[in-house]
Amino acid sequence: MAASKRKARKSSIVSEGSPEAALPLPAATTRALSIPEILISVLSLCENADLGRAALTCRRWSSVALDHLWRELESIVPLLALVRPLRLALDTQEKKIWEFEGNVADADWVRFRGYAYRVRFLNFDENDHIFKREGSFIAFSAIQTLAVIHPFGSSLLPNLEQLSWCCTRDDTGLSILPFVSSSLSTLKLDVEGAVSDESFQRLVRSLAHRAPNLEHFKLSTARPVTNINKPLAQWFRSTPKLRSATMPQYYHTPEILASLGRLQQLEELATDWLYPTTVYTEGGTSLLFPNGSYPSLRSLHFHSSLALATKLFRSPGPVSQLKEVCFSTRKCYPFKSLKALLSALARSCPQLEVLLLNFSTVIIQEDTPDGLLTLDDLRPCLSLVHLKELRVAYEFPFVLRDADVWEMARSWKNLRALRLCSDPNLENQLQNAGTPITVLKTFSAAIPELEYLSLYLNEKELPQFEPDLGLEGGFTGPFELDVGLSVVPGDNEHAIGYFLGSLCRWKPKISMTQTDWTWYSGFTNGEDKEEDQKWARVEELAGMICQAKMSFDARIQTLRSKVKISESMATPNTGN
């Protein structure tokens, strides 16, 4: 009996406290889990607690479970604990730090090596989230022990594919080197302001030729580019397989862009905004690409002035092959400059599929005193016949009419996602502004395949419609309505929920998100939890309507089937 109970526990990966914990798995399930591919697939869906229990089941399960358990590490602490236990101590400045208990001997590395080859993703931050609540930090000596004293040659984690490393001070930068090897495909560096230019330079120079297979690189820093420009440009020359590069806006210097332009596989050039700054507003944002550079570039995310961006799209070069453009600007311009930019973009990028426009403070002085955007301002984009996604962020609402929706439908036959200024600056005078919610009915008729729509809705106008619970018409697939900072029109949750449900075949999703224009401008609208709850009730009501429609349709189909059967039985058989 004891043996059978042990066998039952070994065959179970359910929680210990559940009633099924002591029940053996069916024989067919046991045989299926003996197939390595199925076991790997099943355990990949388990939580860490279940993976820990699965690792104790048997030797075959243990190896697969540990592979999944150690595959992604959001902290470096588990690696440190493999070597020796950690203890809490005080450094010279009386700060709490965690360090190894005693000296590390060669024998302590045996267990570490048994797990190190399983790690594929690692995140390092000196202010580790595991200790942050206690106001303590990881001792640099512990990191140095891993990086310098380990007896495994140049590669500490031989199969590491993705590394995120946060440098908070000078002595943590070079500790990254043993983690960087030929297996690394993604590197994310966060260099904080306390790191000196000299240490930053040494770090970048030391990375040369250490990651020849690197495909994705992201740099987040507020450090000036002046002293890093040449070392970074030289390092990029040793990354021939790089496919995407993300850096602060002022790191788009001629030297760095020239090095990146020689890379044959680079597909994406983007801007990082982790440390927004106004010091380098225009520095490094000219982005003038010579002919023959960037042969594989398909995605460009950049921040610049309207004049420099227009110059970029008017110049010959790789922009003609772009499929995705994300452009942001923070200065004030007349809308005629915006139209000039969009006209140049539409002519230069005929294959464009994704267009993201982020305007922080594009204020109109003479053309439109109220500062509202209309389709006429975006009219040059109507020639982008391959467009699948358009997102516009701006501090004033977008004025949208039913005729505009039909015009967009005729021009953008592949459109699947549309966001038009759904999170305006609420400090502006927005009385009676926004798009009437009734425009959703026009969208469902003109672009029924639309999957995502985000608008700032007029808070007063309620829908006027004929009740319709049929499944014909409306949005044909899963649909998400992002209302941004809109309030429920008329504060009538039932009317809005019924109206939205009548337009959808499946339960719609309602979200309230803000775009990045607030991040660039330094303005934050805040959150309205009460309005969130109202929209949540609207979503619930719309889901109930969709469920009722599906149930009603199912009953109709059943009745029709019964009628057909009755008619076939009533028809006399004229055969021999």
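## Strand 6 and its partners

In this predicted model, strand 6 (residues 162-167) is mostly covered, with 5 of its 6 residues buried. Two parallel pairings involve this strand. Strand 4 (residues 121-125) pairs with strand 6 in the parallel sense over 5 bridges, and within that pairing Asp 125 stands opposite Cys 166. Strand 7 (residues 186-191) also runs parallel to strand 6, and 6 bridges join the two.

## Strand 9 and the crossovers around it

Strand 9 (residues 244-248) has 5 of its 5 residues buried, so this strand is largely enclosed by the rest of the structure. The chain reaches strand 9 from strand 8 by way of helix 11 (residues 229-236), in a β-α-β crossover that is right-handed. Strand 8 (residues 216-221) and strand 9 run parallel and are joined by 3 bridges. In this pairing, Lys 218 stands opposite Thr 246 of strand 9.

Strand 9 is likewise parallel to strand 10 (residues 268-272), with 5 bridges between them. The bridge partner of Ser 244 in strand 10 is Glu 268. Helix 12 (residues 254-261) forms a right-handed β-α-β unit together with strand 9 and strand 10.

## The nonpolar core

In soluble globular proteins, nonpolar side chains tend to be buried together. The largest nonpolar core of this model has 146 residues. The residues with the most contacts inside this core are Leu 79, Phe 112, Leu 260, Leu 269, Phe 313 and Phe 443. Helix 14 (residues 335-348) supplies the largest share of the core, namely 7 residues.

The surroundings of Leu 79 can be listed individually. Setting aside residues up to four places away in sequence, Leu 79 touches Trp 70, Leu 73, Phe 112, Val 119, Leu 122, Leu 146 and Leu 157.

Arg 419 lies in strand 17 (residues 417-420). Is this arginine buried or exposed? Its relative accessible area is 3%, which is under the 20% cut-off for a buried residue; Arg 419 is therefore classed as buried.

The side chain of Arg 419 makes a polar contact with the side chain of Ser 422, at 2.9 Å. When neighbours within four places in sequence are left aside, Arg 419 is in contact with Leu 390, Arg 391, Val 392, Tyr 452, Ser 454, Asp 482, Gly 484, Thr 513, Gln 514 and Thr 515.

## Overall composition

The protein has 19 helices and 20 strands. Of its 576 residues, 48% are buried. Among contacts between residues at least 6 apart in sequence, 78% join residues at least 24 apart.

## Confidence of the prediction

The mean pLDDT of the protein is 81, and 82% of the residues reach 70 or more. Over residues 278-284 the pLDDT is below 50, and this stretch has 17 contacts in the model beyond near neighbours in sequence.

How values were computed:
Residues are numbered from 1 along each chain as its sequence is written. This is a predicted model: local features need pLDDT of at least 70, side-chain atom pairs count only at pLDDT 80 or more; totals for chains, interfaces and linings use all residues. Side-chain values use heavy atoms; hydrogens and water are left out. Buried means under 20% relative accessible area, exposed over 50%, partly exposed in between (1.4 Å probe, protein chains only). Helices (H or I, at least four residues) and strands (E, at least two) are DSSP runs, numbered from the N terminus. Two strands pair if DSSP finds at least two bridges between them. A crossover is right-handed if, with the strands pointing away from the viewer, the path from the first strand over the helix to the second runs clockwise. A polar contact is a pair of N or O atoms within 3.5 Å; within protein, one must be able to donate a hydrogen and the other to accept it, and residues adjacent in sequence count only if both atoms are side-chain atoms. Contact means heavy atoms within 4.5 Å. pLDDT is the predictor's confidence in each residue, from 0 to 100. A nonpolar core is a set of buried Ala, Val, Leu, Ile, Met, Phe, Trp, Tyr and Cys residues joined through side-chain atoms within 4.5 Å.
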